[in-house]
Amino acid sequence: MPRQLLPRTSVFLIIALGLITPAAAGVPPTSCGGPPDAPDTAQSDLSVAYWAQQPPSSTMCAYGYWAEKCGDHAIAHTIFDRCIAAGYVGAMIWKALLLEDGTGIAQDSAAATELMRRAAHSDDHEYATLGKLHYATALYLGRGVERDEAAPERWFREAAAEGDADAQAFLDSGTHTADRDQRGRSVAAQRAARDGTGPRLAPVAPASTPAPTPALGLIAALAALLAAGAAARALNGQQGAH
């Protein structure tokens, strides 16, 4: 049974990049010190090394984020691996993002996509939607798997139906920015860079002023004549009054 980690804060999972506050992450500020093999008695209970030795739990798994923020990739991967083994779906996504970027581990798109697939198929209502978005993206780009032109739409539609704004954006426009590569490119730009077939959204041309038609010209002429006649009558009325 997949277990819930913490409520997701972003479809791009920006907590993996250290861009949110401790309060938003749901865990207290932590310290980075302490070797991972030190005895528990030598570790502060705010140390990431301490939490790496604890039984998997939502709090313990969240400390994987703090380990990554501390730059301790080894402890981060230790925590995420233990949490994945215990069925925590959020840890699958965090680990997948690190695998895709090659952060503290050999880059492995196939392993990253497999973890996203597991997350997408899970019954974790918080993280499954995010897994569907990223799994659909991997299938669409052929990242670690053979490119599939049909399956991505299914997963994008499921994620969109569950309220994911980025999945809906993809269905509307053919791209989204919740999954950027290390060069900051959107999904469409990544697809185009891979083989030149990615969708390119043409800019919308500004609406031009319609050319006047004969009917519009006639109406304008009649309006001018009526205005001139009214002005002449008013002038004659003023002269007669004198």
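**Disulfide, fold and core**

Author: Counting as a disulfide any pair of cysteine sulfur atoms within 2.5 Å, the count comes to one disulfide. This is a predicted model, in which local features need pLDDT of at least 70 and side-chain atom pairs count only at pLDDT 80 or more, while totals for chains, interfaces and linings use all residues. Residues are numbered from 1 along each chain as its sequence is written, and side-chain values use heavy atoms, with hydrogens and water left out.

Reader: Which cysteines form the disulfide, and how far apart are their sulfur atoms?
Author: Cysteine 61 and cysteine 83 form it, with their sulfur atoms 2.0 Å apart. The pair links distant parts of the chain, 22 residues apart, with cysteine 61 in helix 3 (residues 58-69) and cysteine 83 in helix 4 (residues 73-85). Helices here are DSSP runs of H or I with at least four residues, strands are runs of E with at least two, and both are numbered from the N terminus.

Reader: Why is the disulfide called left-handed?
Author: The torsion about the S-S bond of cysteine 61 and cysteine 83 is about -110°, so the disulfide is left-handed.

Reader: Are those two cysteines buried or exposed?
Author: Both cysteine 61 and cysteine 83 are buried, where buried means under 20% relative accessible area, exposed over 50%, and partly exposed in between, using a 1.4 Å probe and protein chains only.

Reader: Changing topic, how many helices and strands does the protein have?
Author: The secondary structure comes to eleven helices and zero strands. Buried residues make up 40% of the 242 residues.

Reader: Which residues touch the most other members of the largest nonpolar core?
Author: Ile75, Ile79, Cys83, Ile93 and Phe156 do, in a core of 48 residues. A nonpolar core is a set of buried Ala, Val, Leu, Ile, Met, Phe, Trp, Tyr and Cys residues joined through side-chain atoms within 4.5 Å. Helix 5 gives the most to this core, with nine residues.

Reader: And which residues of helix 6 are buried?
Author: In helix 6, the buried residues are Ser109, Ala112, Thr113, Leu115, Met116, Ala119 and Ala120. Seen down the axis of helix 6, they fall within an arc of 160°, so they line one face of the helix; the arc is that of the directions from the helix axis to the C-beta atoms.

Reader: What do they pack against?
Author: The buried residues of helix 6 pack against helix 4, helix 5, helix 7 and helix 8, with contact meaning heavy atoms within 4.5 Å.
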